[in-house]
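Please open the model in your viewer and keep the sequence beside it.

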Amino acid sequence: MNFIRNTIAVIVGLGIAGLIITLGIRVFPQWVTFDAFAPFEHWERFLQSMQHDDAFFGFLLFISGLATTIGGVATAMIVKYAKVAYAILIGFIMLFLAMLDVIVFPYHPTFYKISIFLTFFPFSWIGGKIVEIIYERQKKKRISEKVNQS
């Protein structure tokens, strides 16, 4: 039962991260060079059109970090045990996808290629830690309420 719950948690976390990245790209109308909702269907053509726009790739790093944090939070809230580990798993999968993107499509600037390694793990760890701290505070609060009732 935990396996199914954890698998669903990872899928939900990745879905939320993908949705946030999609919405982040759509925020700026000058970047929307595609007809579909998500840019991922025509990713090569989209990256080629953004090839010399360093501001786009800087924003993509930021929005990817934010998406990984929120995806990690969502995953950590759903899983029962090892919340930080599953949040970091979201960061690992997102890093793997970003590395595939950099390897397959040659349109990324050098700072982006280096910075993806510094973005995904720390931000996903932060997402897991946020949930862990919230759960620990709730646990301490429940314990103190029980002690005060006695």
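Which residues does Y112 touch, not counting residues up to four places away in sequence? Select Y112 and its surroundings: Y112 touches F57, L60, L61 and V102, where contact means heavy atoms within 4.5 Å. This is a predicted model, in which local features need pLDDT of at least 70 and side-chain atom pairs count only at pLDDT 80 or more, while totals for chains, interfaces and linings use all residues. Residues are numbered from 1 along each chain as its sequence is written, and side-chain values use heavy atoms, with hydrogens and water left out.

A nonpolar core is a set of buried Ala, Val, Leu, Ile, Met, Phe, Trp, Tyr and Cys residues joined through side-chain atoms within 4.5 Å; buried means under 20% relative accessible area, exposed over 50%, and partly exposed in between, with a 1.4 Å probe and protein chains only.

Now switch to a cartoon view of the whole chain. The protein has five helices and zero strands, where helices (H or I, at least four residues) and strands (E, at least two) are DSSP runs numbered from the N terminus. Its C-alpha trace spans about 65 × 30 × 25 Å along the principal axes, and buried residues make up 40% of the 150 residues. Of the contacts with a separation of 6 or more, 66% are between residues 24 or more positions apart.

Move on to N6, which is found in helix α1. N6 counts as buried because its relative accessibility is 12%, and, not counting residues up to four places away in sequence, N6 touches V79, K80 and Y86.

Finally, select E132 and K129, whose side chains meet in a salt bridge with an N to O distance of 2.8 Å. A salt bridge is a side-chain nitrogen of Lys or Arg within 4 Å of a carboxyl oxygen of Asp or Glu, and by this rule the count comes to one. Side chains of opposite charge can pair when their charged atoms come close. E132 and K129 are three residues apart in helix α5, so they are separated by about one helical turn. E132 is partly exposed, with a relative accessible area of 29%, and K129 is partly exposed, with a relative accessible area of 29%.
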